[in-house]
Amino acid sequence: MAAPGENLKIDGARLWDSLMEMAKIGPGVAGGNNRQTLTDEDGEGRALFQSWCEAAGCTMGLDQMGNMFARREGTDPDALPVYVGSHLDTQPTGGKYDGVLGVLGGLEILRTLNDLNIKTKHPIIVTNFTNEEGTRYAPAMLSSGVFAGIHTQDWAYDREDAEGKKFGDELKRIGWRGDEEVGARKMHAFFELHIEQGPILEAEEKEIGVVTHGQGLSWTQVTITGKDNHTGSTPMPMRKNAGLGMARVLELVDGIAWSHAPHAVGAAGHIDVYPNSRNVIPGKVVFTVDLRSPDLAVIEDMEKQLADGAKRICDEMGLGLELEKVGGFDPVTFDEGCVTAVRNAAERLGYSHINLISGAGHDACWINRVAPTAMVMCPCVDGLSHNEAEEISPEWAEAGTNVLFHAVVETAEIVG
């Protein structure tokens, strides 16, 4: 298929303006964003995105998980669409670019095609997947997981947040539950642009990451129960300290990751302690252990070490233990043809680039199961993400979106 000429570029200033406008919705307390999924702020961000898409001449589709699909028609009504996108929801203390760059980069592709009056054989559809972050509702990539047949819709609707509010109820409350059957759409290909969320591209002074694989992930929710009691009057031998049990399990997790160095990682980010009072020994703790590796056998070994080790620790301390796997996916190998389209785009445009393994989960990891998929990454300062100080440069955003533009348009096939 014919490749776009290297002189075809997106409007970097317009892209940056769009990113800054979206960042005004759900501002954080330290310069980032708090636009958690299915909040009023999420609904406001969706409405802004829809208004921009409609102004670009697109029609908007909406499925029963709230996934949004902005369609620019192709010349062949029978050709499967090329999809591009990511997510608009953020962490509670999230940055302005994680996910959002991939959605608004896709929108910028459509705007540029309109500017240049370029037609493509295949329709191009920009997607916003609901609840990629998985903070308010576990697991991450929930709606793309339903789309790909990993989760059932009923199961997803029953997910509850910390206040007991169900996903399905909140989706309806904010007015973004569509009628379209989830996963009914067929894709010619899917491309996702994302900030790296790691330090490699910046350290190597490369502008583009060509993502060939994605790390596998395992989330295990650990509940340890002891007995809450007075911190001052309970003798040490008579304590059943769930907090101390958690501390020992967390040390175990760190050791498990180090045992599979250098590519395995592990930690706990979500921790709840009960009753969480200064003078009460914790009687219960709930935390989520996050284990990752690009090797499935390593993930399975780490899960076993966690289960065996946590049981041993809790048995020795007289504590109760429950383990529940609340999320995860196998390591991903992205489509060779789509990866080549990304690499060729970077070379054609003269951008420095390297192959990358994504250390984070993305909607592309699930969509890869149902359609040829690839990812493009741009650097972020100090590799920092899931933090309000997350930062990229306008030049990095423009370079990544130009590569995305070329890979998507080449796959969608220019007509004329």
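Tutor: Let's start with a word we will need: contact means heavy atoms within 4.5 Å. This is a predicted model, where local features need pLDDT of at least 70 and side-chain atom pairs count only at pLDDT 80 or more, while totals for chains, interfaces and linings use all residues. Residues are numbered from 1 along each chain as its sequence is written, and side-chain values use heavy atoms, with hydrogens and water left out.

Student: Okay! Which domains is the protein chain divided into?

Tutor: Domain 1 covers 12–214 + 331–415, and domain 2 covers 216–329. Those bounds come from an automatic or database domain assignment.

Student: And how many residues of each domain are in contact?

Tutor: 13 residues of domain 1 are in contact with twelve residues of domain 2. The C-alpha centres of the two domains lie 33 Å apart.

Student: New topic: how many cavities of 30 Å³ or more does a search find?

Tutor: One, in a search of the whole structure. On a 1 Å grid over the protein atoms alone, a cavity is a set of points where a 1.4 Å probe fits but cannot get out, and lining residues have an atom within 4 Å of a point.

Student: What is the volume of the largest cavity?

Tutor: About 70 Å³. Grid points are joined across faces, edges and corners, and the volume is the space filled by probe spheres set on the points.

Student: Which residues line the largest cavity?

Tutor: P139, A140, M141, H151, L217, W219, G327, G328, F329 and W366. The elements that give two or more residues to this lining are β8 (216–225) and β13 (320–329). The largest share, three residues, comes from β13. By element I mean a helix (H or I, at least four residues) or a strand (E, at least two), taken from DSSP runs and numbered from the N terminus.

Student: How does the lining of the largest cavity divide into nonpolar, polar and charged?

Tutor: Seven are nonpolar, three are polar and none is charged. Here Ala, Val, Leu, Ile, Met, Phe, Trp, Tyr, Cys and Pro count as nonpolar, Asp, Glu, Lys and Arg as charged, and the others, Gly among them, as polar.

Student: Let's do helices. What span should α2 have?

Tutor: The 16 residues of α2 (residues 40–55) should span 22 Å at 1.5 Å a residue, and the end C-alpha atoms are 23 Å apart, which agrees. The expected span is 1.5 Å times one less than the number of residues.

Student: Which residues of α2 are buried?

Tutor: D42, G43, G45, R46, L48, F49, W52 and C53 are. Buried means under 20% relative accessible area, exposed means over 50%, and partly exposed is in between (1.4 Å probe, protein chains only). Among the elements covering these buried residues are α1 (12–23), β1 (59–62) and α3 (100–115).

Student: How many residues of α3 are buried?

Tutor: 14 of its 16 residues are, so α3 is largely enclosed by the rest of the structure.

Student: What is E108 in contact with?

Tutor: Setting aside neighbours within four places in sequence, E108 contacts I10, D11, R14, L15 and T401. E108 and T401 are 293 residues apart in sequence, yet their C-alpha atoms are 8.0 Å apart.

Student: Are they buried, partly exposed or exposed?

Tutor: D382 is exposed, with a relative accessible area of 64%, and H386 is partly exposed, at 39%. Leaving aside neighbours within four places in sequence, D382 is in contact with P199 and E202.

Technical notes. On a 1 Å grid over the protein atoms alone, a cavity is a set of points where a 1.4 Å probe fits but cannot get out, and a pocket is an open set with protein on both sides within 12 Å along at least five of seven lines; lining residues have an atom within 4 Å of a point.
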